[in-house]
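I opened the notebook on a new structure today.

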Amino acid sequence: QLQLAESGGGLVQPGGSLTLSCTASGYALENYAIGWIRQAPGKEREGVSCIMSRGGNTNYTDSVKGRFTISRDNAKNTVYLQMNSLKSEDTAVYYCAADRYCSWVGLSPGALKWYGWDSWGKGTTVTVSS
């Protein structure tokens, strides 16, 4: 059974950078589209980014385009989320999730809350503050 674990969260100043990692165990990560979901304090979950299993096509929510980059290293069974030019609005718990497709990134929060991913992790906290 595929299991995911996030790491790399922490405290960073506005404008700074941070890279999150999502490492899989129990099954090969290369067979899945892997994405990142975040939940800010008091808010609903939001799809952030996703990368497809084969072609490497990527998806980003509008608020992070040009600032965040998702990538994968199948040999290491790991997906990364490089976050640059961080803003206070990026403060959230970040989760990685596995599924067949990345189409869920575009779902509204009301729809996303009912989405069922094949697997997801326990999250890592990102705090952007001066």
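**Entry 1, the core.** I started with the largest nonpolar core of this predicted model. I found that this core has 28 residues, and that Trp 36, Phe 68, Leu 81, Met 83 and Tyr 94 touch the most other members. I then looked up where the members come from: strand 3 (18–25), strand 4, strand 5, strand 7 (68–73), strand 8 (78–83), strand 9 and strand 11 each supply at least two residues. Apart from this core I noted another, of nine residues, including Ile 37, Ala 97, Trp 104 and Leu 112.

Which residues is Phe 68 in contact with, leaving aside its neighbours within four places in sequence? My list reads Arg 38, Val 48, Tyr 60, Leu 81, Gln 82, Met 83, Asn 84, Leu 86, Asp 90 and Tyr 94.

Next I turned to strand 4, residues 33–39. Six of its seven residues are buried, so I put strand 4 down as largely enclosed by the rest of the structure.

I followed its pairing on to strand 9 (residues 92–99), where the two run antiparallel over seven bridges. Here Arg 38 has Tyr 94 of strand 9 as its bridge partner.

Strand 4 also pairs with strand 5 (residues 45–51), again in the antiparallel sense, over six bridges. In this pairing I have Trp 36 bridged to Ser 49 of strand 5. The two strands form a hairpin with five residues between them. I checked the turn as well: Gly 42 has a positive phi of about 75°.

How much space lies in the largest pocket? I noted about 200 Å³. Its lining has 13 residues, and the closest to the pocket centre are Arg 38, Ala 40, Lys 43, Glu 46 and Glu 89. By type, I sorted the lining into one nonpolar, four polar and eight charged residues.

Last, I looked up Thr 125, which sits in strand 11 (residues 124–128). Is Thr 125 buried, exposed or partly exposed? Its relative accessibility is 45%, so I count Thr 125 as partly exposed, the class between under 20% and over 50%.

Beyond its neighbours within four places in sequence, I found Thr 125 in contact with Gly 9, Gly 10, Ala 92 and Val 93. I also took one distance, from Thr 125 to Ala 40: they are 85 residues apart in sequence, with 9.6 Å from C-alpha to C-alpha.

Conventions. Residues numbered from 1 in each chain as written. Predicted model: local features only at pLDDT ≥ 70, side-chain atom pairs only at ≥ 80, totals over all residues. Heavy atoms only, no water. 1 Å grid on protein atoms, 1.4 Å probe; cavity = no way out; pocket = protein on both sides within 12 Å on 5 of 7 lines; lining within 4 Å. Points joined across faces, edges and corners; volume = space filled by probe spheres on them. Nonpolar A, V, L, I, M, F, W, Y, C, P; charged D, E, K, R; others polar. Helix = DSSP H or I, 4+ residues; strand = E, 2+ residues; numbered from the N terminus. Buried < 20%, exposed > 50% of the residue type's maximum accessible area, 1.4 Å probe, protein only. Contact = heavy atoms within 4.5 Å. Pairing = 2+ DSSP bridges. Core = buried A, V, L, I, M, F, W, Y, C linked by side-chain atoms within 4.5 Å.
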